[in-house]
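Dear colleague,

Please find below the structure that I am handing over to you. My notes on what was found in it follow directly after.

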Amino acid sequence: MSNTRRVVITGMGIVSPLGNSVETFGLNLMQGVSGIKRLQNDFSDQLEINIAASADFDGTAHFSKKELAVLDRVSQFALYAAQQALDNAGLDTPNINTDKTGCYLGTGMGGAASTEEGYHRLFREGQSRLKPFTVLMAMNNAAASHIAMHYGLGGPNITYTTACSSSAIAIGEASRQIAYGHCDYMLTGGSEALLTYGTIKAWEALRTLAKVDEQNPSASCKPFSADRSGLVLGEGAAMFVLESYESAIARGATIHAEIVGYGTANDASHITQPSVAGQARAMQAALDNAGLAPEQIDYINAHGTGTPLNDATETAAIKQVFGPYAYQLAVSSTKSMHGHLMGAAGAVELVATTLALQAQLLPPTMHLQQPDPECDLHYVANHAAPQQVRYAMSNSFAFGGTGGVIILKKS
Amino acid sequence: MENTFETVRTLIANKLEIDKATIAPDSVLTEIGLDSLDTFDIIFEAEDKFGIKVPTPKEEIKTVQDVANLLDQLLLEQSPSLQGQK
């Protein structure tokens, strides 16, 4: 990133299946706690696969009735995580140039529950009218718009939808707003709230969901293990405050990590099947952007969905980019614990990656009991591992083929 | 049967989480914190409650009493018998 400003993370906030604060998330993550559990709600008995990683989040505790009337769960998550990130960064929006502060957010399905509620009313209940706020709650850009309105952020406001890489792309693009000097601060991340009956049924139909581990449902997501059977859907949000290194130093902010590289590429081959070449291109683009040699990366927070195809493909792509060094670096999939948060996955996993850099401790890949000859790297199996980490990479790949890779440097 | 104004007042107070007593018939909707979309949302809730359908209003809806009047007019048109209405 020559001739550009250094970009640092000074604030983080989270709503996740592992807790609704960065501290709780980090403790659970490093202790190998799983947030995956059986769903117990009014439709769970109609599901073939009734496990998910839901967030223990009650909007009524944080928002007024009037606010809740216009906020889908996805926007509630985003706003709650954004406030944490601002607090964590020590930023008070009335005291900053909000015209030069923007919000880039990733989400896969936006207000899925509001869309579904509308359809339910029309098709199931036979009603002829929908709630006046349906469109405004369901649209993908609602969450980012509510953040802008709530804090008066008059800078760029863009929502990215590239399925599972949405928030990695949002954060990467936001980092460029800082790097190029267009903005003073960026609030960026992702949010997803798609644990609805219709959405889960649609995922069941894709046959990519993990079979329930009947002995231990919380261990159903088994990335890189020979007995892995698929992904587990999750929900939540993570938001970051980004600013220039000079800005952070000048105001005495705590720098959690520095974003030194971002790369994106498309598989351009198949709507669901990942490609080694495409994933490798995205990782190489991030390395090139950072000006780093592969040997400088110590840890990769993998996309690691737990599907048979992804994990083998990602392993092959890592080997293609890193060569023999692939066997020396550490790779882990924290989705084994927090599930696949889709449009929020990249953001939540960037929190995990930041914590690894801060704590010099690698979060584990849980439930990895059976080695797979196709997945033969060091996956930090089942226990967090202390290790020196200078540079860490976070991978996000997606249906539709868009990969987003971010490289962080220890501050 | 509960007065329509009372019903509207209850819906608004519930939505805004304010004391019902602060809402008068001539309270201006925008002044008590309801923009046009919020008002449609209140009318939508009233539709469910009264079992009526409200077309896009022709007259300007400005006060709480305007909302109640609109509903009363539709109740007369759309409900031949008001028996059983709460």
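Helix H13 (residues 345-359) of chain A lies across S1, S4, S6, S7, S8, S9, S13 and S14 of chain A, and the helix runs at about 165 degrees to S13(A). Helices (H or I, at least four residues) and strands (E, at least two) are DSSP runs, numbered from the N terminus. Axes are lines fitted to C-alpha atoms, for helices over the stretch in contact, and angles run from 0 to 180 degrees between N-to-C directions.

Please note that this is a predicted model, in which local features need pLDDT of at least 70 and side-chain atom pairs count only at pLDDT 80 or more, while totals for chains, interfaces and linings use all residues. Residues are numbered from 1 along each chain as its sequence is written, and chains are lettered from A and ligands numbered from 1 in the order in which they are written.

The sheet of chain A is open and has 10 strands, in the order S5-S4-S6-S7-S1-S8-S14-S13-S9-S10, with mixed pairing. Two strands count as paired if DSSP finds at least two bridges between them. At the edges are strand S5 (157-160) and strand S10 (330-332) of chain A, each of which pairs on one side only. From one strand to the next, the twist averages 25 degrees. Strand S9 (residues 299-301) of chain A pairs with S13(A) in the parallel sense over 3 bridges, and Asn301(A) stands opposite Ser394(A) in S13(A). Helix H6 (residues 142-151) of chain A also packs on the sheet, where it touches strand S4 (101-106), S5 and S6 of chain A. The direction of H6 makes about 160 degrees with that of S4(A).

Helix H10 (residues 276-290) of chain A has 15 residues, which at 1.5 Å a residue should span 21 Å; its end C-alpha atoms are 21 Å apart, so the two values agree. The expected span is 1.5 Å times one less than the number of residues. Among the buried residues of H10(A) are Gln279(A), Arg281(A), Met283(A), Leu287(A) and Asn289(A). A residue is buried if 20 or more other C-beta atoms, placed from the backbone, lie within 10 Å of its own. The buried residues of H10(A) pack against strand S8 (257-266), helix H11 (308-322), strand S13 (391-396) and strand S14 (402-410) of chain A. Just after H10(A), Gly291(A) takes a positive phi of about 70 degrees.

Chain A is assigned domain 1 (7-250) and domain 2 (261-410); such bounds come from an automatic or database domain assignment. The contact between them takes 59 residues from domain 1 of chain A and 55 residues from domain 2 of chain A, where two residues are in contact if their C-beta atoms, placed from the backbone, lie within 7 Å. On the side of domain 1 of chain A that touches domain 2 of chain A, H7(A) gives the most, with 7 residues.

Chain B has 3 helices and 0 strands, and buried residues make up 21% of its 86 residues. Where do the two chains meet? In this contact, 8 residues of chain B touch 7 residues of chain A. Helix H1 (4-16) and helix H2 (36-50) of chain B each give two or more residues to the side of chain B that touches chain A, and the largest share, 4 residues, comes from H2(B).

With kind regards

How values were computed. Buried ≥ 20, exposed ≤ 12 C-beta atoms within 10 Å, placed from the backbone.
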